[in-house]
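Dear colleague,

Please find the structure below.

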Amino acid sequence: MMKETEDVVHMTLDFLPLKSYANIVEGNALRTEWTDVIPKHELDYIMSNPPFVGARMIGAEQKDDVNTIFPEWKNVGNLDYVSCWYKKAADLIAGTAYIFGG
């Protein structure tokens, strides 16, 4: 996995074991304002492990997350829960020089 991550971020990583200065935030990424964790201009990448939960399998709290991320959108009940993470990331980089897969 380290090699695959290096291929994604285009750099050699030598941070295992994790050191005490690692900036890891644990919590619900959809309820966290990402720019409260790190200023947008300092952000290089976000790594997360969002749950891939089908639209028909999500619980009430996750439905609330979907409705928060996609306010006033029609048919959001058909989206996989992970689509919220992609939408939030796309909103964050909107209007910036970041590109997907670049």
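The accessible surface of the protein (Shrake-Rupley method, 1.4 Å probe) comes to about 8,100 Å², and carbon and sulfur atoms hold 56% of that area. Please note that this is a predicted model, in which local features need pLDDT of at least 70 and side-chain atom pairs count only at pLDDT 80 or more, while totals for chains, interfaces and linings use all residues. Residues are numbered from 1 along each chain as its sequence is written, and side-chain values use heavy atoms, with hydrogens and water left out.

Of the 102 residues in the protein, 25% are buried, that is, under 20% relative accessible area with a 1.4 Å probe, protein chains only. Among the contacts (heavy atoms within 4.5 Å) with a separation of 6 or more, 58% join residues 24 or more positions apart.

The protein has four helices and zero strands. Helices are DSSP runs of H or I with at least four residues, strands are runs of E with at least two, and both are numbered from the N terminus.

Helix α3 (residues 60–69) packs with helix α4 (residues 83–93) at an angle of about 30°, and their axes, 10 Å apart, are lines fitted to C-alpha atoms over the stretch in contact, with angles running from 0 to 180 degrees between N-to-C directions. The two helices are therefore roughly parallel, a term for angles under 35 degrees. Asp65, Val66 and Ile69 of α3 meet Cys84, Lys87 and Lys88 of α4 in this contact.

Yours sincerely

Note on methods
Buried means under 20% relative accessible area, exposed over 50%, partly exposed in between (1.4 Å probe, protein chains only). Angles under 35 degrees count as roughly parallel, over 145 as roughly antiparallel, 65 to 115 as roughly perpendicular and the rest as oblique.
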